[in-house]
Amino acid sequence: MFSTIYIATTCLLGAWAAHIVWRWYRLRHIPGSFWISCSKMWQVTTQIRGKWHLEVRRLGDQHGDLFRIGPNQLLTTDVDIIRRMAHPKSMYTRSPFYQTFRFNPTQDNSFSLLDDQEHTRRRTNFGPGYTGNAHVEACVDRQCARLVDLIERKFTSTAKDYRPLDLTSASYFFAMDCVGDLSYGRPFGCLDEGVDVHEFAKWNEDFFPIAIVIANFHWLTKIFFKPPFNRIYPSTLDEDGVGKYMAYVTYMQTGESRRRDTLASFIEQGITKEEAINELMLQVVAGTDSTATGIRMTLLLLVTNPTAYSKLQSEIDDAILRGKASSPIRDAEARQLPYLQAVIKEGLRAFPVVTATFFKKVPKGGDVISGYFVPEDTEVGHNVLGIMRAKKYWGNDADVFRPERWLEADDETSEMMTRVIETLWGSGRYKCLGRAIAQMELNKVFVELLRRFDFSVITPQNPVEIVNSGFFLMSEMKMRVTKRQIM
């Protein structure tokens, strides 16, 4: 009996070792650390430590445009490859990485879908609900006004009164209430008193570090889809977090009177109740964190760069004096402010709002990437920070926040830079549906804040606490805010 168990155990261990060796061997010709390539432990430990974006960028700088980060995982810094993988006619497919980001164990949203035909159908039907139209602009204007009101009431300082603003929270509350107004017909109420009404930020902090680690092990994802483990997913019975918003949208569908919103648009396009709920959950998660990160980090980069801060504020003041900036500023007017647009692009480049890998699977027959043959079923992902700091795209000062680069570039260089920065939102058939809405929020919020307030960072030696496992979690970005004379 003992010998049988011994032989069986030895065979299993031998098969496991052979599998590891084979997985390493099939990609042995591609640059990367041997130990990192042998297992996913490096990915897991790096994500848990919270320095994912920095470590991945370091590997890219060391090994080049294509490198290994696991037994079957590669990352690329080549934008042309990313665009090729996402092309509508490409045979690349999404990897199981995406399914980890279901918010219902039995149903997908547009981000977690792996079936390309179904993904295309849903994007077509969801598209009108994500259009940056007059309804969207009115919603963003309302939340900009509420953000300004919150700061004026609770967070403006004077020589005698010190009332610091936590910009991590304020930007998050603005993004949350924008989603509420746009998608649910009314804001969630975070900006009323500057409070996380349903403790969504806490849910976010708990969910993303776990989800990104689980995403490394596809078999774990399948286990958590089934009872009893699926209890970790949000439910309409939850008192807080995403489950609370699921209950909210379910209640909204009972026919109560409300103004037009994204849900109404979805219903008009023939979307089912389940599909609509899952998509609205995605908006709460994806439509808040990335926008809030873009606002807070761009403002921090401005505050720590007095020249850029002064130039942007002067452009805003001049536009107001010349009657080129309404109150609130219209989206069309903001798009005509060249330095504002340069600041927004440069802020997203210098600090990309999401650095997840977004793995795609190489199609049958394999592919050639950066001069290396890559066999089929290999997963190829994005080295996001590496792309946004690559000297071949941005020049020798790629690590510097310098909005002027967008104004100095010739037409050919400007077009190339725009193509590169757009990959931050995805590309082709995988491009973020909320891209136009996020751009409108950024176009407006900086103008509405900087025309009224001056900002200074309270702890420049350590301005913000950052944890990154592919997605950013931030805290304690304290700002001193003072009133300007409104123009």
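This is a predicted model: local features need pLDDT of at least 70, side-chain atom pairs count only at pLDDT 80 or more; totals for chains, interfaces and linings use all residues.
How many disulfides does a search of the whole structure find? The search finds zero.

A disulfide is a covalent bond between the sulfur atoms of two cysteines. Cys-144 takes part in no disulfide; the nearest cysteine sulfur belongs to Cys-178 and is 6.4 Å away. A pair of cysteine sulfur atoms has to be within 2.5 Å to count as a disulfide. For Cys-190, the closest cysteine sulfur is again in Cys-178, at 11 Å, and that is too far for a bond. Cys-144 is buried, with a relative accessible area of 4%. Cys-190 also counts as buried, because its relative accessibility is 0%.

The next topic is the sheet. Five strands make up an open sheet, and their order is β1-β2-β8-β5-β3, with mixed pairing. At the edges are β1, residues 66-68, and β3, residues 93-94, each of which pairs on one side only. Within the sheet, strand β5 (residues 360-361) pairs with strand β8 (residues 379-382) in the antiparallel sense, over two bridges. Opposite Val-380 in β8 stands Lys-360.

After α3 comes Gly-50, which has a positive phi, near 85 degrees.

The last stop is a pair of helices. Helix α15 spans residues 306-321 and helix α22 spans residues 435-450; the two pack at an angle of about 90 degrees, and their axes are 10 Å apart. This angle makes α15 roughly perpendicular to α22. Which residues of α15 and α22 meet? From α15 come Tyr-309, Leu-312, Gln-313 and Ile-316, and from α22 come Phe-446, Val-447 and Leu-450. Sorted by type, the residues of this contact are six nonpolar and one polar, with no charged residue.

Key
Residues are numbered from 1 along each chain as its sequence is written. Side-chain values use heavy atoms; hydrogens and water are left out. Axes are lines fitted to C-alpha atoms, for helices over the stretch in contact, and angles run from 0 to 180 degrees between N-to-C directions. Helices (H or I, at least four residues) and strands (E, at least two) are DSSP runs, numbered from the N terminus. Angles under 35 degrees count as roughly parallel, over 145 as roughly antiparallel, 65 to 115 as roughly perpendicular and the rest as oblique. Contact means heavy atoms within 4.5 Å. Ala, Val, Leu, Ile, Met, Phe, Trp, Tyr, Cys and Pro count as nonpolar, Asp, Glu, Lys and Arg as charged, and the others, Gly among them, as polar. Buried means under 20% relative accessible area, exposed over 50%, partly exposed in between (1.4 Å probe, protein chains only). Two strands pair if DSSP finds at least two bridges between them.
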